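This report walks through selected features of the structure shown below, one topic at a time. Please keep the sequence and the model in view while reading.

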Amino acid sequence: MNGCPMLRLAATILLALAFAPAEAKDSGLIYVSNEKSNNILVIDPKTYKVVNDIATSRRPRDMHFNADHSKLYIACGDDDVIDVLDVATSKIVDKLVTGSSPETFAMDETRRRIYVSDEESSTLAIINMDQNIIEKEVPTGAEPEGVMVSEDGKTVYVTSEVGDLVHSIDADRGYVTQDVVVGTRPRRFAATPDGKELWVSTEMAGEVYIIDRQKFVVTGKIDFLPPGMRQTDVTPVGLVMTKDGKTAYVTLGHAAHVAVVDVPTRTVQGYILVGKRSWGVTLSRDEKTLYVANGLGDDITVIDTASRRAVVSIPVGRVPWGIVVDE
Amino acid sequence: MGASKRWAHVLGPLLCLAWPLTAAAQDVPAPTQPAVPQQHVKIAFVQVDGDPRYAPIRASDRIILKAPEHPFAGAQVGVDEAAPLVRLLNTDFTLDRIMVKSPADVAPTVLQAADAGTHFFLIDAQADAYRPLAAAVHGRDLLLFNVSEPDDTLRRDLCAAEFVHVHPSRAQLMDGLLQYVVSRKWTNLLELQGPSPDDAAMTAAFEHSAQKFGAHIVAQRKFKPGTDPRDRELNDPALLSAINRDFDVAFVADSDFDFARTVPYHLVRPRPVMGSIDLEPVAWHWTWDHNGAPQVNSRFEKRSGGRRMEGADWAAWVAVKMIVQSVLHTRSADFSTQRGFILGGGSFDADKGLAVSVRAWDHQVRQAVLLAAPYEVVASAPIEGFLHQTNELDTLGDDQPESACHLDR
């Protein structure tokens, strides 16, 4: 019985099962949604090994934990639902019905609401999390994508990919109050921690637009061009900002790089090589590690932010979309 | 936006039909203030009754192989997408569908609609409608979008400033096809040409592209569709392809499709087929799933009652999109400002990756060409490695130095 692989595997699974619930809180585990293999892979941040494979509804994309990380909400585009995963047991325990083809969403647990962009019906659905009903569907420009709730919960920002617009929506009354025209194919948001600026990636324009949230006008934009890449490959989608509001990371899609941006001066400080069609991006809580999903590489890249170098790339499922970390 | 449907103007006795299919931008709830569009942008879609390109292609009386339809639904999707902009722009976009009796009636109909205040036209007509049309609209404040005709002579010889050719030219399509086969090192090609003028034009474009990208045509054969045993050397793909030289791919130009569909698996050698069947260079394909394509395919299928989006539909959609974007980005009600945006620096997201824009020299829209097998887009041209000093899309079709048309000078 010189190292019977089956036995070892069984032991590993048992160990994993034994420790998973205990580690559920602040486990540091990395959750990756895979659009085409309809699953979430759970990766151990220390060993970079896949420790769990959870089947979801079809086409899982955006994911968010609730505040205490007991539940993970997963938008599943082809089944028009948001799956609710019980983190401790790794079981899907509920499904919230959305409009047609949910892609990204934002949660407001104070108001018990989920705001989800329904790409095909061109609406923002406002879902009551407890009653599992759509309270309201707010018409938006065609192909709404990025969703962000303001800190006070009163305003929801939504991009319209086809309309080249960012909408400001009154969360309580449920209609668009203001629009601002940005570059071609606006995708996702990041907000500066001081609450003053909204950063929006515009995929086809190859830029990040900066919107003054008070006046709701464009006040600047940032261009990208990693060395050796062509301007037409620069298709920024994902972006995150550090908690001190000093640094932003922008995934550049087909240009296969992440841009590091100095936020106050709005200048690009450098580029980090990642995989093909990099979109989803997440920072670890200590902001020492950046995770990037490479949609056309079927892997994720783990980056050390201090040295700005890719540490490892981990094979995942087919077409990884988003990454969240349980911590 | 009160009445979202209104009757198309009846544009005179030339029209045999004027549909009530005006697809105005839909009502949008705007609780802050009622949306009262102050500007109306009128778009007319002109098609020709009995256009042979839209006749069903049959295998026999009862078997319909293809049932092509006019690309009006593509334009409707473009107008649908503009609905949320009505409030923002104080502008509504209306789309009138006009059918004329013959290609010769296109020009007078356009002039009548122009006199009634329409500046933008989507032209869905064969090449022979264009020469009188170009003469009629010369110097007028109009922009006419060619959404369905690939004929190269419209871009080269006719060379009219009032046109924007959204549909790719044959030169662009064939350049895309040849880039692909050359990138695969399939450079020995057998050419099978049909009897129609369209087949001749397609073959000429194919030969030009082969020369441009360094492929070698090992044999040129003209086929004669039919089953006459006395013509079997001309109607049997096995005999037509029984040549001493080997070839990598057979190219077939057959607009009637009747012969083309008999070519795969009937060649004397086991070789793939491209051109009118199997690997086709197209402006759009329903299986394209990058760059937001699934969403527009889905909107189109809903709008058209389940039809799959094709090249001309894509072109009609993009034409309306260009008009809408010209208003959005210039915020101007002035036609010449809008035209300036479209013909000038404007670049447009057309769901094919690289942004499309209008070439200054011949008003052809530079765009990617999809190389489509029946159930898969095999590749999108420009193929990696075909480089250009300014824009890789200009490796497809007539680039500025070799163009016969110089609207930019």
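## A hairpin in chain A

In this predicted model, Val81(A) has Val97(A) as its bridge partner in β7(A). That bridge belongs to the antiparallel pairing between strand β6 (residues 81-86) of chain A and strand β7 (residues 91-97) of chain A, which extends over six bridges. The two strands, β6(A) and β7(A), form a hairpin with four residues between them, and in the turn Ser90(A) has a positive phi of about 55°.

## An open sheet in chain A

Elsewhere in chain A, four strands make up an open sheet whose order is β3-β2-β1-β28, and their pairing is antiparallel. The strands β3 (50-55) and β28 (320-325) of chain A stand at the edges, and because each has a single partner strand, one side of each is left without a neighbour in the sheet. From one strand to the next, the twist averages 20°.

Within this order, strand β1 (residues 30-34) of chain A pairs with strand β2 (residues 39-43) of chain A in the antiparallel sense, over five bridges. For Val32(A), the bridge partner in β2(A) is Leu41(A).

## Where the two chains meet

How many residues does the contact take from chain A and from chain B? Chain A contributes 20 residues and chain B contributes 15 residues. On the side of chain A that touches chain B, strand β15 (residues 175-181) of chain A gives the most, with four residues. Sorted by class, the residues of that side of chain A comprise six nonpolar, seven polar and seven charged.

## Two domains in chain B

For chain B, the domain assignment gives domain 1 (15-168 + 288-367) and domain 2 (171-282), so that domain 1 is written as two stretches of the chain. The centres of domain 1 of chain B and domain 2 of chain B, taken over C-alpha atoms, are separated by 32 Å.

The contact between them involves eight residues of domain 1 of chain B and eight residues of domain 2 of chain B. On the side of domain 1 of chain B that touches domain 2 of chain B, four residues are nonpolar, one is polar and three are charged.

## Helix α1 of chain B and its two partners

Two packed helices are described by the angle between their axes and the distance between the axes. Helix α1 (residues 72-82) of chain B and helix α11 (residues 311-330) of chain B have axes that come within 6 Å and cross at roughly 30°, and α1(B) and α11(B) are therefore roughly parallel to each other. Their crossing is right-handed. The residues that meet include Phe72(B), Val79(B) and Ala82(B) in α1(B), and Trp314(B), Trp317(B) and Val324(B) in α11(B). By class, the contact of α1(B) with α11(B) holds 12 nonpolar, two polar and two charged residues.

With helix α10 (residues 293-303) of chain B, α1(B) packs at an angle of about 115°, the axes being 9 Å apart, and that makes α1(B) roughly perpendicular to α10(B). The crossing of α1(B) and α10(B) is right-handed. On one side the contact is made by Ala73(B), Gly74(B), Gln76(B), Val77(B) and Asp80(B) of α1(B), and on the other by Val296(B), Arg299(B), Phe300(B) and Arg303(B) of α10(B). The residues of the contact of α1(B) with α10(B) fall into four nonpolar, two polar and three charged. Among the α1(B) residues named there, Ala73(B), Gly74(B) and Val77(B) also take part in the meeting with α11(B).

Definitions and conventions:
Residues are numbered from 1 along each chain as its sequence is written. Chains are lettered from A and ligands numbered from 1 in the order in which they are written. This is a predicted model: local features need pLDDT of at least 70, side-chain atom pairs count only at pLDDT 80 or more; totals for chains, interfaces and linings use all residues. Two residues are in contact if their C-beta atoms, placed from the backbone, lie within 7 Å. Ala, Val, Leu, Ile, Met, Phe, Trp, Tyr, Cys and Pro count as nonpolar, Asp, Glu, Lys and Arg as charged, and the others, Gly among them, as polar. Axes are lines fitted to C-alpha atoms, for helices over the stretch in contact, and angles run from 0 to 180 degrees between N-to-C directions. Angles under 35 degrees count as roughly parallel, over 145 as roughly antiparallel, 65 to 115 as roughly perpendicular and the rest as oblique. A crossing is left-handed if the near helix is turned anticlockwise from the far one by less than a right angle, and right-handed if clockwise. Two strands pair if DSSP finds at least two bridges between them.
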